[in-house]
Each structure stands twice: as C-alpha cells, then as structure tokens.
Amino acid sequence: MLTEDAKESRLFKEVDELLTGLSLKTVEAVDSVNQGTHHMRVVVYKEGNEVNTDDLAAVYNIIYPRYSVIFGDRNLELEVSSPGLQRSFKDVIEFSIFKGKLVRAYSVSFSSYITGKIESADDSSVTLSECQIEDSGEKRGVMTLLYSDIAKAKLEYRWEA
C-alpha cells in the first residue's frame, strides 16, 4: 500500500523548500544511519523537462554542505537521482507531483491494473483520464480512484507509439 508519510516528514519539507529555486520538485527524501554513516537519498523531478546531470549536481551542491553540518559527527553519503521512466510510487503525494503523466495503478475493487493520465489529485483520491482497465480491456474517459483502493502504482512509459 502507498504511504502518506511525505506530508509529515520534516526532511521532505526542508529539501523541497531548498529545491524550489531550481524549479525542481522533491519526490522522495529519506535518510538512515548505518554503522556511523548517514545515508540520504533524494529523488527530484522537473515538470515539463527531464532531469539532467546539471540538475542533479546542483541539488547535490545545495544539500550536501547543509546536511553534512546538520548531521555533524557522521559521515554523509548522499544519493541524488531522477525518478526514472517507470518509478514505483511510494507515497500518495507522487500523484500530485506527476500530474499529466501516464500511471499504472492496481485497483483492489477492480482486481486489475488501470492505466490512465493523472488529471488531478487531492488528499483522498486521484482522477485519471483516458483510462483502460487492463484485464477487461474496457476503456473509460475519466475515473476517480481512492488511495485506499490502490494497492500499488507506478509511472507508465509507452515504448512504442
């Protein structure tokens, strides 16, 4: 099931604020400590364009100095990446981040994957357009799925037109 942790995460909010000047959105910001080393992973998205290496370097250069001071005595390993073409969603906030993108979500009530373009997302549901219910092949114009009905979801990429 998808989580709703990003809205409550202090780290996610801080990183997202740091990246607004770069016209980037934070998709994921998580950290952990393992054997004295602080591991931090940040995934960023640029609306309308693909994230390039210059964007990733800029994010790294903003985040690394700040958090190496904040975490103080620990070594910091920072990984900055793009979401990729077929990112598996981890949090419901990703539906609003990827508005306009094609998504493939498993609906518990339909017992099938539903593919469609994200039109809008709010606190409880996502609205998809140009939908197709995969098992039945049924096509629908617009569907609204509750987050509680979605077992898993990921970005869908059409390799061939």
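The following questions and answers concern a predicted model.

Q: In what order do the three strands of the open sheet stand, and which of them are at the edges?
A: The pairing in this open sheet is mixed, and the strand order is 1-2-3. Strand 1 (25-34) and strand 3 (75-81) each have a single partner strand, so one side of each is left without a neighbour in the sheet.

Q: At what angle does helix 2 run to strand 3?
A: Helix 1 (residues 10-19) lies across strand 1 and strand 2, at about 130° to strand 1. Helix 2 lies across strand 2 and strand 3. Its angle to strand 3 is about 155°.

Q: Is Y64 buried, partly exposed or exposed?
A: Y64 is found in helix 2 (residues 53-70), and its contacts beyond four places in sequence are with L76 and L78. Buried requires under 20% relative accessible area and exposed over 50%. Because the value for Y64 is 28%, this residue counts as partly exposed.

Q: Which residues make the nonpolar surface patch of about 350 Å²?
A: Y157 lies in the segment after strand 8 (150-155). With a relative accessible area of 35%, Y157 is partly exposed, and patch residues need over 30%. The patch is made by L85, Y157 and W159.

Notes:
Residues are numbered from 1 along each chain as its sequence is written. This is a predicted model: local features need pLDDT of at least 70, side-chain atom pairs count only at pLDDT 80 or more; totals for chains, interfaces and linings use all residues. Side-chain values use heavy atoms; hydrogens and water are left out. Patches are made of residues with over 30% relative accessible area and no salt bridge: like charges are joined within 9 Å, nonpolar side chains (Val, Leu, Ile, Met, Phe, Trp, Tyr) within 5 Å. Accessible areas come from the Shrake-Rupley method with a 1.4 Å probe; for residues, only the protein chains shown count as cover. A salt bridge is a side-chain nitrogen of Lys or Arg within 4 Å of a carboxyl oxygen of Asp or Glu. Helices (H or I, at least four residues) and strands (E, at least two) are DSSP runs, numbered from the N terminus. Buried means under 20% relative accessible area, exposed over 50%, partly exposed in between (1.4 Å probe, protein chains only). Contact means heavy atoms within 4.5 Å. Two strands pair if DSSP finds at least two bridges between them. Axes are lines fitted to C-alpha atoms, for helices over the stretch in contact, and angles run from 0 to 180 degrees between N-to-C directions.
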